[in-house]
Amino acid sequence: SPWKPVLLLLSPSAFSTTCARCGKDRRLRQKRAISERQLTRYFVDQRKVRVIGGQGGGGGHSFYSEPRKVFGGPDGGNGGDGGHVVLKADQQMKSLSSVLPFYQGFHGERGGSKNCYGANGAHMYVKVPVGTLVKEDGRVVADLTQHGEEYIAAYGGAGGKGNRFYLSNENRAPTLFTPGEPGQERVLQLELKTTAHAGLVGFPNAGKSSLLRAISRAKPAVAAYPFTTLNPHVGIVHYQDYEQVAVADIPGLIKGAHQNRGLGTAFLKHIERCRFLLYVVDLSVPQPWIQLQDLKYELKAYEKGLSERPCVVIGNKIDLAQSRINLPLLREQVAERVIPLSALTGDNLEELLFHLRELYDAYVKAEESRGQSPVKW
(Lines give C-alpha, C1' and ligand atoms only; values in the text may rest on other atoms or scores of the structure.)
Protein backbone atom coordinates (compact mmCIF):
# COMPACT_ATOMS: atom_id res chain seq x y z
CA SER A 1 0.00 0.00 0.00
CA PRO A 2 1.42 3.50 -0.80
CA TRP A 3 0.32 4.86 2.55
CA LYS A 4 -0.02 3.57 6.08
CA PRO A 5 -1.68 5.08 9.11
CA VAL A 6 0.42 6.06 12.06
CA LEU A 7 -1.05 3.25 14.15
CA LEU A 8 0.58 -0.03 13.08
CA LEU A 9 -1.47 -3.04 12.01
CA LEU A 10 -1.07 -5.92 14.48
CA SER A 11 -2.52 -9.37 15.01
CA PRO A 12 -6.28 -9.63 14.32
CA SER A 13 -8.97 -10.81 16.72
CA ALA A 14 -12.73 -11.30 16.51
CA PHE A 15 -13.62 -7.60 16.57
CA SER A 16 -10.24 -5.91 16.43
CA THR A 17 -7.13 -5.70 14.32
CA THR A 18 -5.22 -4.61 17.43
CA CYS A 19 -3.74 -6.87 20.07
CA ALA A 20 -4.85 -6.46 23.67
CA ARG A 21 -1.45 -5.13 24.76
CA CYS A 22 -1.49 -2.36 22.16
CA GLY A 23 -5.05 -1.46 23.12
CA LYS A 24 -4.03 -1.24 26.75
CA ASP A 25 -1.09 1.00 25.92
CA ARG A 26 -3.36 3.30 23.93
CA ARG A 27 -5.80 3.48 26.81
CA LEU A 28 -3.03 4.45 29.22
CA ARG A 29 -1.80 7.25 26.98
CA GLN A 30 -3.17 10.19 28.94
CA LYS A 31 -3.84 13.68 27.65
CA ARG A 32 -4.07 16.81 29.69
CA ALA A 33 -7.67 17.27 30.79
CA ILE A 34 -9.29 20.49 29.62
CA SER A 35 -12.85 21.32 30.53
CA GLU A 36 -15.33 22.45 27.91
CA ARG A 37 -15.59 25.79 29.67
CA GLN A 38 -11.86 26.34 29.18
CA LEU A 39 -12.08 25.19 25.57
CA THR A 40 -14.55 27.96 24.75
CA ARG A 41 -11.63 30.36 25.03
CA TYR A 42 -9.88 28.56 22.20
CA PHE A 43 -12.74 27.90 19.80
CA VAL A 44 -15.18 30.66 18.89
CA ASP A 45 -17.43 30.28 15.86
CA GLN A 46 -19.24 33.65 15.98
CA ARG A 47 -17.98 37.20 16.30
CA LYS A 48 -19.55 40.65 15.95
CA VAL A 49 -17.01 43.11 14.56
CA ARG A 50 -17.17 46.85 14.02
CA VAL A 51 -14.84 48.00 11.25
CA ILE A 52 -13.96 51.53 10.16
CA GLY A 53 -11.74 52.43 7.21
CA GLY A 54 -8.90 54.86 7.72
CA GLN A 55 -9.58 58.55 7.20
CA GLY A 56 -8.06 60.24 4.20
CA GLY A 57 -5.38 62.83 4.76
CA GLY A 58 -6.22 66.50 4.27
CA GLY A 59 -5.02 68.44 1.24
CA GLY A 60 -2.01 70.73 1.58
CA HIS A 61 -2.25 74.52 1.49
CA SER A 62 0.92 76.35 0.57
CA PHE A 63 2.46 78.66 -2.06
CA TYR A 64 5.85 78.22 -3.63
CA SER A 65 8.28 80.93 -2.71
CA GLU A 66 12.04 81.35 -3.15
CA PRO A 67 14.41 84.25 -3.80
CA ARG A 68 13.58 86.09 -7.01
CA LYS A 69 10.44 83.98 -7.41
CA VAL A 70 8.10 85.24 -4.74
CA PHE A 71 4.87 84.42 -6.55
CA GLY A 72 5.59 80.82 -7.46
CA GLY A 73 1.99 79.73 -7.32
CA PRO A 74 0.18 77.13 -5.23
CA ASP A 75 2.04 73.90 -4.43
CA GLY A 76 -0.10 72.15 -1.81
CA GLY A 77 -0.24 68.42 -2.58
CA ASN A 78 -3.16 66.03 -2.19
CA GLY A 79 -3.63 63.99 0.96
CA GLY A 80 -3.18 60.22 1.03
CA ASP A 81 -6.06 57.76 0.99
CA GLY A 82 -7.05 55.97 4.18
CA GLY A 83 -6.28 52.29 4.54
CA HIS A 84 -8.88 49.55 4.10
CA VAL A 85 -9.84 46.92 6.67
CA VAL A 86 -9.37 43.59 4.90
CA LEU A 87 -10.50 40.15 6.06
CA LYS A 88 -8.08 37.49 4.86
CA ALA A 89 -8.66 33.74 5.08
CA ASP A 90 -5.72 31.89 6.61
CA GLN A 91 -5.61 28.11 6.90
CA GLN A 92 -3.44 28.42 10.03
CA MET A 93 -6.34 30.04 11.86
CA LYS A 94 -8.82 27.55 13.30
CA SER A 95 -11.04 29.79 15.42
CA LEU A 96 -12.43 33.31 15.61
CA SER A 97 -11.15 33.67 19.18
CA SER A 98 -8.30 35.98 18.09
CA VAL A 99 -10.62 38.35 16.19
CA LEU A 100 -11.12 41.61 18.10
CA PRO A 101 -14.47 43.44 18.30
CA PHE A 102 -13.11 46.61 16.63
CA TYR A 103 -10.72 47.38 13.79
CA GLN A 104 -9.81 50.62 12.05
CA GLY A 105 -7.60 51.22 9.04
CA PHE A 106 -4.61 53.55 9.22
CA HIS A 107 -5.15 57.20 8.30
CA GLY A 108 -3.64 58.81 5.23
CA GLU A 109 -1.05 61.55 5.65
CA ARG A 110 -1.69 65.19 4.93
CA GLY A 111 -0.44 66.70 1.66
CA GLY A 112 2.72 68.74 1.93
CA SER A 113 4.28 71.69 0.19
CA LYS A 114 6.22 71.53 -3.08
CA ASN A 115 3.43 69.36 -4.53
CA CYS A 116 4.25 66.50 -2.17
CA TYR A 117 1.41 64.03 -1.90
CA GLY A 118 0.62 62.48 1.46
CA ALA A 119 1.30 58.76 1.88
CA ASN A 120 -1.63 56.36 1.74
CA GLY A 121 -2.63 54.70 4.98
CA ALA A 122 -1.62 51.06 5.37
CA HIS A 123 -4.33 48.44 5.11
CA MET A 124 -5.42 46.63 8.26
CA TYR A 125 -5.43 42.87 7.59
CA VAL A 126 -7.53 40.67 9.86
CA LYS A 127 -6.81 36.94 9.64
CA VAL A 128 -9.85 34.69 9.83
CA PRO A 129 -10.17 30.91 9.43
CA VAL A 130 -10.99 29.33 6.10
CA GLY A 131 -14.74 28.79 5.98
CA THR A 132 -15.74 32.13 7.51
CA LEU A 133 -19.06 33.64 6.47
CA VAL A 134 -19.32 37.43 6.58
CA LYS A 135 -22.83 38.76 7.21
CA GLU A 136 -24.29 42.24 7.41
CA ASP A 137 -27.81 42.68 8.76
CA GLY A 138 -28.36 38.94 8.35
CA ARG A 139 -27.34 38.97 4.68
CA VAL A 140 -24.27 37.03 3.50
CA VAL A 141 -21.83 39.43 1.83
CA ALA A 142 -18.76 37.16 1.60
CA ASP A 143 -17.81 33.52 1.96
CA LEU A 144 -14.08 32.96 2.47
CA THR A 145 -13.55 29.33 1.50
CA GLN A 146 -10.00 29.40 0.06
CA HIS A 147 -6.65 30.12 1.70
CA GLY A 148 -5.53 33.67 0.93
CA GLU A 149 -8.97 34.85 -0.18
CA GLU A 150 -9.63 38.47 0.82
CA TYR A 151 -12.67 40.64 1.40
CA ILE A 152 -12.55 44.41 1.94
CA ALA A 153 -14.70 44.88 5.02
CA ALA A 154 -14.39 48.68 5.13
CA TYR A 155 -12.97 51.04 2.52
CA GLY A 156 -10.65 53.84 3.56
CA GLY A 157 -11.64 57.44 2.87
CA ALA A 158 -10.29 59.36 -0.10
CA GLY A 159 -7.55 61.90 0.51
CA GLY A 160 -8.34 65.61 0.32
CA LYS A 161 -7.27 67.89 -2.52
CA GLY A 162 -4.50 70.43 -2.08
CA ASN A 163 -4.77 73.98 -3.38
CA ARG A 164 -2.55 73.04 -6.32
CA PHE A 165 -5.43 70.89 -7.59
CA TYR A 166 -7.66 73.97 -8.01
CA LEU A 167 -5.18 75.96 -10.07
CA SER A 168 -6.74 77.23 -13.31
CA ASN A 169 -6.45 80.06 -15.76
CA GLU A 170 -9.30 81.82 -14.01
CA ASN A 171 -7.84 81.30 -10.51
CA ARG A 172 -4.04 81.62 -10.45
CA ALA A 173 -3.78 81.70 -6.65
CA PRO A 174 -6.39 79.29 -5.21
CA THR A 175 -6.67 79.07 -1.46
CA LEU A 176 -9.21 76.27 -1.51
CA PHE A 177 -8.22 72.85 -0.15
CA THR A 178 -10.38 69.98 1.13
CA PRO A 179 -10.07 67.69 4.15
CA GLY A 180 -9.87 63.93 3.80
CA GLU A 181 -13.05 61.88 3.73
CA PRO A 182 -13.90 59.58 6.63
CA GLY A 183 -13.58 55.82 6.14
CA GLN A 184 -16.50 53.47 5.66
CA GLU A 185 -18.04 52.17 8.88
CA ARG A 186 -19.82 48.81 9.12
CA VAL A 187 -20.91 46.26 11.71
CA LEU A 188 -20.33 42.71 10.49
CA GLN A 189 -21.17 39.29 11.89
CA LEU A 190 -18.50 36.65 11.33
CA GLU A 191 -19.69 33.07 11.38
CA LEU A 192 -17.35 30.11 11.11
CA LYS A 193 -18.52 26.94 9.44
CA THR A 194 -15.92 24.34 10.27
CA THR A 195 -14.10 23.23 7.14
CA ALA A 196 -13.10 19.63 7.82
CA HIS A 197 -12.88 16.57 5.62
CA ALA A 198 -14.93 14.32 7.89
CA GLY A 199 -17.61 15.08 10.44
CA LEU A 200 -18.45 12.91 13.45
CA VAL A 201 -22.24 12.92 13.69
CA GLY A 202 -24.15 11.30 16.52
CA PHE A 203 -26.41 11.73 19.51
CA PRO A 204 -25.05 12.83 22.91
CA ASN A 205 -22.87 10.29 24.73
CA ALA A 206 -22.28 8.22 21.59
CA GLY A 207 -18.52 8.53 22.13
CA LYS A 208 -17.59 11.06 19.43
CA SER A 209 -15.19 13.03 21.62
CA SER A 210 -13.50 9.89 22.92
CA LEU A 211 -13.07 8.68 19.35
CA LEU A 212 -11.53 11.98 18.24
CA ARG A 213 -9.10 11.83 21.15
CA ALA A 214 -8.14 8.29 20.18
CA ILE A 215 -7.34 8.98 16.50
CA SER A 216 -5.86 12.48 16.78
CA ARG A 217 -4.16 14.85 19.18
CA ALA A 218 -7.30 16.85 19.82
CA LYS A 219 -8.36 17.11 23.45
CA PRO A 220 -12.14 17.62 23.62
CA ALA A 221 -13.70 17.27 27.04
CA VAL A 222 -15.00 13.79 27.90
CA ALA A 223 -17.42 13.05 30.74
CA ALA A 224 -20.19 10.61 31.63
CA TYR A 225 -23.06 13.01 30.98
CA PRO A 226 -24.73 14.27 27.79
CA PHE A 227 -23.77 17.51 26.02
CA THR A 228 -20.22 17.43 27.32
CA THR A 229 -19.15 18.93 24.00
CA LEU A 230 -20.59 22.39 23.48
CA ASN A 231 -18.28 23.57 20.69
CA PRO A 232 -16.99 21.75 17.59
CA HIS A 233 -13.43 20.48 17.74
CA VAL A 234 -11.18 19.54 14.85
CA GLY A 235 -8.56 16.81 15.10
CA ILE A 236 -5.95 15.94 12.48
CA VAL A 237 -5.24 12.31 11.53
CA HIS A 238 -1.66 12.00 10.25
CA TYR A 239 -0.53 9.39 7.73
CA GLN A 240 2.99 8.27 6.91
CA ASP A 241 2.88 9.81 3.42
CA TYR A 242 2.35 13.21 5.14
CA GLU A 243 -1.30 13.46 4.17
CA GLN A 244 -3.52 14.95 6.86
CA VAL A 245 -7.25 14.31 7.23
CA ALA A 246 -9.26 16.73 9.35
CA VAL A 247 -12.04 15.22 11.46
CA ALA A 248 -14.57 17.48 13.19
CA ASP A 249 -16.34 16.49 16.39
CA ILE A 250 -19.81 17.98 15.99
CA PRO A 251 -21.69 18.47 19.32
CA GLY A 252 -24.43 15.92 19.89
CA LEU A 253 -27.70 16.33 18.03
CA ILE A 254 -31.17 15.64 19.38
CA LYS A 255 -34.51 14.96 17.73
CA GLY A 256 -35.83 18.17 16.22
CA ALA A 257 -32.35 19.66 15.78
CA HIS A 258 -33.30 20.97 12.31
CA GLN A 259 -35.98 23.05 14.09
CA ASN A 260 -33.22 24.58 16.24
CA ARG A 261 -34.04 22.46 19.28
CA GLY A 262 -31.11 22.17 21.65
CA LEU A 263 -29.07 24.67 19.62
CA GLY A 264 -29.39 22.24 16.73
CA THR A 265 -28.99 24.78 13.94
CA ALA A 266 -25.78 26.07 15.52
CA PHE A 267 -24.41 22.51 15.40
CA LEU A 268 -25.78 21.48 12.02
CA LYS A 269 -24.16 24.41 10.21
CA HIS A 270 -20.72 22.89 10.86
CA ILE A 271 -21.70 19.69 9.04
CA GLU A 272 -22.41 21.59 5.78
CA ARG A 273 -18.69 21.93 4.98
CA CYS A 274 -17.74 18.31 5.76
CA ARG A 275 -16.95 16.29 2.63
CA PHE A 276 -17.96 12.94 4.13
CA LEU A 277 -19.67 11.87 7.33
CA LEU A 278 -18.89 9.40 10.09
CA TYR A 279 -22.10 8.38 11.86
CA VAL A 280 -21.29 7.32 15.42
CA VAL A 281 -23.92 5.10 17.08
CA ASP A 282 -23.89 3.55 20.51
CA LEU A 283 -24.02 -0.24 20.02
CA SER A 284 -24.96 -0.85 23.65
CA VAL A 285 -28.43 0.74 23.40
CA PRO A 286 -31.48 -1.23 22.21
CA GLN A 287 -32.04 -0.98 18.43
CA PRO A 288 -29.00 1.19 17.58
CA TRP A 289 -30.14 1.45 13.94
CA ILE A 290 -32.91 3.79 15.14
CA GLN A 291 -30.19 6.30 16.00
CA LEU A 292 -28.89 6.20 12.44
CA GLN A 293 -32.37 6.71 10.98
CA ASP A 294 -33.00 9.70 13.24
CA LEU A 295 -29.64 11.27 12.42
CA LYS A 296 -30.20 10.98 8.69
CA TYR A 297 -33.67 12.46 9.05
CA GLU A 298 -32.31 15.50 10.88
CA LEU A 299 -29.64 16.09 8.23
CA LYS A 300 -32.12 15.66 5.39
CA ALA A 301 -34.61 18.04 7.00
CA TYR A 302 -31.89 20.65 7.57
CA GLU A 303 -30.44 20.64 4.05
CA LYS A 304 -31.34 18.60 1.02
CA GLY A 305 -28.58 16.19 -0.01
CA LEU A 306 -26.67 16.48 3.27
CA SER A 307 -27.60 12.94 4.34
CA GLU A 308 -26.55 11.54 0.95
CA ARG A 309 -22.87 12.37 1.24
CA PRO A 310 -20.29 9.54 1.40
CA CYS A 311 -20.40 8.03 4.87
CA VAL A 312 -19.59 5.11 7.11
CA VAL A 313 -21.37 3.89 10.24
CA ILE A 314 -19.20 3.53 13.35
CA GLY A 315 -20.55 1.19 16.01
CA ASN A 316 -18.87 2.42 19.17
CA LYS A 317 -18.51 0.69 22.57
CA ILE A 318 -17.90 -2.78 21.11
CA ASP A 319 -16.10 -3.63 24.37
CA LEU A 320 -19.51 -4.02 26.07
CA ALA A 321 -21.30 -7.37 26.01
CA GLN A 322 -24.61 -5.97 24.74
CA SER A 323 -22.82 -4.31 21.86
CA ARG A 324 -21.56 -7.63 20.53
CA ILE A 325 -25.14 -8.88 20.44
CA ASN A 326 -26.44 -5.76 18.65
CA LEU A 327 -23.67 -5.67 16.01
CA PRO A 328 -25.06 -8.36 13.64
CA LEU A 329 -28.54 -6.88 14.07
CA LEU A 330 -27.26 -3.44 13.06
CA ARG A 331 -25.54 -4.82 9.97
CA GLU A 332 -28.80 -6.41 8.87
CA GLN A 333 -30.73 -3.15 9.19
CA VAL A 334 -28.35 -0.71 7.44
CA ALA A 335 -26.93 -0.73 3.93
CA GLU A 336 -23.78 1.26 4.76
CA ARG A 337 -20.53 -0.25 5.92
CA VAL A 338 -20.41 -0.73 9.69
CA ILE A 339 -17.08 -0.49 11.53
CA PRO A 340 -17.27 -1.80 15.12
CA LEU A 341 -14.69 -0.32 17.47
CA SER A 342 -14.06 0.90 20.99
CA ALA A 343 -12.79 4.42 21.46
CA LEU A 344 -12.02 3.56 25.09
CA THR A 345 -9.82 0.51 24.55
CA GLY A 346 -8.64 1.25 21.01
CA ASP A 347 -10.07 -1.94 19.52
CA ASN A 348 -10.30 -1.88 15.70
CA LEU A 349 -9.22 1.74 15.25
CA GLU A 350 -6.99 0.72 12.34
CA GLU A 351 -9.97 -0.34 10.21
CA LEU A 352 -11.47 3.11 10.71
CA LEU A 353 -8.19 4.83 9.81
CA PHE A 354 -7.84 2.79 6.62
CA HIS A 355 -11.42 3.46 5.54
CA LEU A 356 -11.08 7.15 6.46
CA ARG A 357 -8.13 7.38 4.10
CA GLU A 358 -10.12 5.69 1.34
CA LEU A 359 -12.90 8.26 1.72
CA TYR A 360 -10.33 11.05 1.65
CA ASP A 361 -8.62 9.72 -1.49
CA ALA A 362 -11.98 9.43 -3.24
CA TYR A 363 -12.76 13.03 -2.32
CA VAL A 364 -9.40 14.29 -3.64
CA LYS A 365 -9.83 12.37 -6.88
CA ALA A 366 -13.34 13.74 -7.37
CA GLU A 367 -12.22 17.33 -6.79
CA GLU A 368 -9.27 17.03 -9.15
CA SER A 369 -11.47 15.50 -11.87
CA ARG A 370 -13.67 18.64 -11.68
CA GLY A 371 -10.63 20.87 -11.96
CA GLN A 372 -10.93 22.12 -8.37
CA SER A 373 -8.35 22.15 -5.58
CA PRO A 374 -9.19 19.85 -2.64
CA VAL A 375 -9.01 21.28 0.87
CA LYS A 376 -5.62 20.51 2.42
CA TRP A 377 -4.55 20.71 6.05
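Modeller: Tyr-363 has a relative accessible area of 8% and is therefore buried (under 20% is buried, over 50% exposed and anything in between partly exposed, with a 1.4 Å probe and protein chains only). The model is predicted, so local features need pLDDT of at least 70 and side-chain atom pairs pLDDT 80 or more, while totals for chains, interfaces and linings use all residues. Residues are numbered from 1 along each chain as its sequence is written, and side-chain values use heavy atoms, without hydrogens or water.

An α-helix has 3.6 residues a turn, so residues three or four places apart point the same way.

Turning to the core, Leu-356 is one of the residues that touch the most other members of the largest nonpolar core, which has 28 residues (buried Ala, Val, Leu, Ile, Met, Phe, Trp, Tyr and Cys joined through side-chain atoms within 4.5 Å). Elements giving two or more residues to this core include strand E11 (244–249), strand E12 (276–282) and helix H7 (349–369), and H7 supplies the largest share, eight residues. Leaving aside residues up to four places away in sequence, Leu-356 touches, among others, Val-247, Phe-276 and Tyr-239 (contact means heavy atoms within 4.5 Å). The charged end of Arg-357 sits over the ring of Tyr-239, 5.1 Å from its centre (NZ of Lys or CZ of Arg within 6 Å of the ring centre and within 35 degrees of the ring normal).

Methods: Helices (H or I, at least four residues) and strands (E, at least two) are DSSP runs, numbered from the N terminus.
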